[in-house]
Amino acid sequence: MAKDRILIAGAGPVGLLCALSLVKQGIPVTVFEAMDSLKDDPRAATTHPATLELLDTLGLEPYVREHGLVAEIFHFWDRPTGERVALFDHKLLKNDTKFPYVVQCEQFKLSYHLQSLLEKEPLCELLFDHPVSDVTQDENGVTLTCDTPKGPKSFKGSYLIGSDGGRSRVRKAIDVPFEGFTFPERFVVFTTPFDFEANRGFCFRNYIADPDEWCNCFKVAGYAPPGLWRLVFPTDPNQSDEEILSDASAQARLQKFFPLGEPYEIVHRNLYKIHQRVAATFYKGRVVLAGDSAHVNNPIGGMGLNGGIHDAINLGEKLGRVWHGETERLLELYDLQRRTVATEFVQEQTIQNKKRLEAKDPATRAKFLQELREISGDPERARKFMLRSGMFESLRRANEIVLPDAAA
Ligand SMILES: Cc1cc2nc3c(=O)[nH]c(=O)nc-3n(C[C@H](O)[C@H](O)[C@H](O)COP(=O)(O)OP(=O)(O)OC[C@H]3O[C@@H](n4cnc5c(N)ncnc54)[C@H](O)[C@@H]3O)c2cc1C
């Protein structure tokens with residue numbers, strides 16, 4: 001008897017990657033997307049080396065590299081003194097990985113590429129304008145309801161992946177708490193073609209510590225050279241969206257950061273609420289969560305989508321085996337592996353990254369900056385630092401986890 005399709009809610013990069021992984025194993029899938037098409041989404045860009053290794057298993061690394069910027073190094077700066085405190089060079093990982101670099105490739109490029117690959121796959125059905133509104137399940141399968149422009153429609157499948165983002169309808173429908181907290185301040189992101197490399201000596205990835213207003217400054221490839229620079233700043237919780245995003249306030253913030261004497265050209269401006277949350281479980285029965293629907297974190301260190309890609313590759317492989325008849329306990333293992341590192345590693349690391357950049361106490365700041373100078377000056381300590389920041393350590397930790405009774 002033919003088995004039912006696997007259903008996937010959300011055509012973000014994580015849902016589309018799950019779909020590609022499953023169709024490559026001969027499994028039919030339907031992807032349900034709320035929007036009428038994919039959009040240019042100026043969020044993630046930093047793709048870490050461990051993630052490049054995973055993307056390579058699906059043949060996607062060359063595309064990401066060709067459509068992004070290869071960033072071998074990253075800098076830490078101290079904003080009040082203007083000192084470049086540390087330089088980390090991924091070349092130190094040359095014996096650890098085929099990919100000793102980060103690639104700055106916008107997430108929408110990966111999504112569009114995945115869409116074009118999936119459209120050629122007869123086993124994949126991609127439905128836009130299909131916002132998932134409800135989910136029910138029993139021991140035989142899952143039923144999904146979508147509120148389409150033509151009215152509600154129901155779909156049946158063998159399993160459901162909820163990859164429908166941080167506000168996941170699927171997570172709410174299966175009643176899984178999203179544990180953690182939300183920062184009072186939001187992060188504002190400005191995108192400009194102004195060249196911070198030529199004019200300021202920045203590399204493509206810069207973390208800038210400041211007790212008053214830290215900043216992350218990154219270059220992305222955009223659609224054409226010379227590319228674009230994105231600057232991320234914290235904002236005052238008492239200011240309204242309009243105030244933060246107004247021209248006057250945007251120009252004042254950028255001019256204070258690096259005075260130009262003329263207005264900055266700003267091509268995008270976005271304001272984000274920032275959460276640190278992990279779902280209490282990544283699966284319930286036949287419904288499994290992946291990507292932002294399972295975990296969200298602040299973007300300092302660029303770990304959100306990277307973690308989501310690690311989920312997608314891990315889950316694609318395990319759910320494929322379950323669909324082909326292996327034990328459903330593989331879903332329990334997926335939960336154990338990915339939820340453990342989401343909590344122990346990504347949450348811990350990103351909260352720490354933010355604390356360090358914004359530290360106000362002079363002694364704490366001095367200690368952090370001195371630590372960075374020392375680590376970056378010692379090749380073996382720098383290599384270990386990058387095995388962690390490049391997400392090899394979390395990947396290894398996840399892969400070492402086995403089911404409790406299997407360890408006995
Ligand atoms: C400013 C900023 C910078 C960032 N930078 C980085 C970075 O450099 N590196 C990094 O790793 N991460 C970064 N992130 C995090 C990254 O953007 C997210 O982790 C990533 O988008 C998660 O992908 P996803 O596919 O899980 O979810 P999403 O990208 O949110 O996709 C979810 C999809 O589901 C759809 N959807 C929602 N509800 C429904 C529904 N009811 N039915 C059907 N479809 C639905 C949505 O329309 C969307 O297409 C950044 C985030 C921010 C805010």
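Analyst: What follows takes some terms one by one and sets values against definitions. This is a predicted model, where local features need pLDDT of at least 70, side-chain atom pairs count only at pLDDT 80 or more, and totals for chains, interfaces and linings use all residues. Residues are numbered from 1 along each chain as its sequence is written, and side-chain values use heavy atoms, with hydrogens and water left out.

User: What makes H1 and H9 roughly parallel?

Analyst: Helix H1 covers residues 13–23 and helix H9 covers residues 304–323. Helices are DSSP runs (H or I, at least four residues), strands are runs of E (at least two), and both are numbered from the N terminus. The axes of H1 and H9 cross at roughly 30° and come within 9 Å. Axes are lines fitted to C-alpha atoms, for helices over the stretch in contact, and angles run from 0 to 180 degrees between N-to-C directions. Angles under 35 degrees count as roughly parallel, over 145 as roughly antiparallel, 65 to 115 as roughly perpendicular, and the rest as oblique. H1 and H9 are therefore roughly parallel.

User: Which residues make the contact of H1 with H9?

Analyst: Contact means heavy atoms within 4.5 Å. From H1 the residues include Pro 13, Leu 17 and Ser 21. From H9 they include Leu 305, Ala 312 and Glu 317. By class, ten are nonpolar, four polar and one charged. Nonpolar covers Ala, Val, Leu, Ile, Met, Phe, Trp, Tyr, Cys and Pro; charged covers Asp, Glu, Lys and Arg; the others, Gly among them, are polar.

User: Why is H9 called largely enclosed?

Analyst: Buried means under 20% relative accessible area, exposed over 50%, and partly exposed in between (1.4 Å probe, protein chains only). In H9, 18 of the 20 residues are buried, so the helix is largely enclosed by the rest of the structure.

User: How do you know that the span of H9 agrees with its number of residues?

Analyst: The expected span is 1.5 Å times one less than the number of residues. For the 20 residues of H9 that gives 28 Å, and the end C-alpha atoms are 28 Å apart, so the two agree.

User: Is Asp 335 buried or exposed?

Analyst: Asp 335 has a relative accessible area of 6%, so it is buried. It is found in helix H10 (residues 329–358). Leaving aside neighbours within four places in sequence, Asp 335 is in contact with Thr 281, Phe 282, Tyr 283 and Thr 340.

User: And is Lys 120 buried or exposed?

Analyst: Lys 120 has a value of 65%, so it is exposed. It is found in the loop between H4 and strand S8 (124–127).

User: Where do Asp 175 and Met 391 lie?

Analyst: Asp 175 lies in the loop between helix H5 (169–173) and strand S13 (178–182). It has a positive phi of about 60° although it is not a glycine. At 60% relative accessible area, Asp 175 is exposed. Met 391 lies in the loop between helix H12 (379–389) and helix H13 (392–400). Its phi is near 70°, also positive in a residue other than glycine. At 1% relative accessibility, Met 391 counts as buried.
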